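Please keep the sequence and the structure in view while reading.

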Amino acid sequence: MIVRLNGIGYDSNSYLIIDKLSILVDPGTSSNFENLRQEISKYTSKIDYIINTHCHYDHTGSDYLFEEAYNAPVIIGSKDLPHLKNADNVTVSRLFGVDMIPPKNILVINEVEEQLKEANIEYIETPGHTEGGLSLVYKDNLITGDTLFAYGVGRHDLPTGNIAELRDSINSLERVAYSKKIVNILPGHGETGDMSAFANATMFI
Ligand SMILES: [Zn+2]
């Protein structure tokens, strides 16, 4: 099953996938840690992996706290890994006025691809919002991070963002969404969308 845990304030939405593995996607900032942990405890006492759709602080700020609380490694796309590891300017933590604490144990998603497949999770590399952006397929759900929202698309003007890549990523997501018969678009911010998100996106790119 998949559970949507709403972001508070500027925090990203978080998603909890409970299958052969328990996966927390985009835990958000540290200000939401206690609250999110309580929510998670209603569904599971273990988290195997924390997956970040990309390195931005509003999605990854509490990685280090959840890493410690659940003894779970953090997973991210290969090109966003060095930015998260070094908490550099690509994480945009300065936009939020904080010094970011990075998690300690970070893996590139292709290292655990087979394990994720056994838990019905596949990933798609979707650069454009950041260079290492990821989207995730779980059954008829597509987790899109800040690549695609219900009624818009992510910014492409932040460090390593690129509008041409964003457009290509949304086009490849659309192809995947049709072939996997996706019903729900689960974005990093705002409400859950459906396949109309792709038509809406054409107004912005
Ligand atoms: Zn972002």
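Strand β9 and strand β12 (residues 184-187) run parallel and are joined by 4 bridges. In β12, proline 187 is the bridge partner of glycine 145. Two strands count as paired if DSSP finds at least two bridges between them. Strands here are DSSP runs of E with at least two residues, helices are runs of H or I with at least four, and both are numbered from the N terminus.

The model is predicted: local features need a pLDDT of at least 70, side-chain atom pairs count only at pLDDT 80 or more, and totals for chains, interfaces and linings use all residues. Residues are numbered from 1 along each chain as its sequence is written.

**The strand β9 and its other partner**

Strand β8 (residues 134-138) pairs with β9 in the antiparallel sense over 3 bridges. Leucine 136 stands opposite isoleucine 143 in β9. The hairpin of β8 and β9 has 2 residues between the strands, and lysine 139 in this hairpin takes a positive phi near 55°.

Is β9 buried or exposed? A residue is buried if 20 or more other C-beta atoms lie within 10 Å of its own, exposed if 12 or fewer, and partly exposed in between, with C-beta atoms placed from the backbone. In β9 (residues 141-145), 5 of the 5 residues are buried, so the strand is largely enclosed by the rest of the structure. In a regular strand the side chains alternate between the two faces of the sheet. Both faces of β9 are covered, with Asn141, Ile143 and Gly145 buried on one side and Leu142 and Thr144 buried on the other.

**The helix α6**

Helix α6 (residues 163-179) has 17 residues, which should span 24 Å at 1.5 Å a residue; the end C-alpha atoms are 25 Å apart, which agrees. The expected span is 1.5 Å times one less than the number of residues. The buried residues of α6 are Leu166, Ser169, Ile170, Leu173 and Ala177. They cover an arc of only 100° around the axis, which puts them on the same side of α6. The arc is that of the directions from the helix axis to the C-beta atoms. On the other side of α6, Ala164, Arg175, Tyr178 and Ser179 are exposed.

What covers the buried residues of α6? The cover includes β7 (121-125), β8, β9, β10 (148-149), β11 (152-153) and α7 (196-201). Lysine 181, which follows α6, has a positive phi near 55°.

**Two valines**

Valine 137 lies in strand β8, and valine 176 lies in helix α6. Two residues are in contact if their C-beta atoms, placed from the backbone, lie within 7 Å.

Valine 176 and arginine 37 are 139 residues apart in sequence, and their C-alpha atoms are 32 Å apart in space.

**The helix α3**

In helix α3 (residues 63-70), the buried residues are Asp63, Tyr64, Phe66 and Glu67. Seen down the axis of α3, these fall within an arc of 165°, so they line one face of the helix. They pack against β3 (22-25), β4 (49-51), α2 (57-60) and β5 (74-76). Just after α3, asparagine 71 takes a positive phi of about 50°.

**The core and the whole chain**

A nonpolar core is a set of buried Ala, Val, Leu, Ile, Met, Phe, Trp, Tyr and Cys residues joined through C-beta atoms within 7 Å. Which residues of the largest nonpolar core touch the most other members? Among its 44 residues, they are Tyr15, Ile17, Leu24, Val25, Ile50, Leu136 and Leu148. The largest share of this core, 4 residues, comes from α6. Not counting residues up to four places away in sequence, leucine 136 touches Val25, Ile51, Ile121, Tyr123 and Ile143.

The chain has 7 helices and 12 strands, and 48% of its 205 residues count as buried. Of the contacts between residues at least 6 apart in sequence, 65% join residues at least 24 apart.
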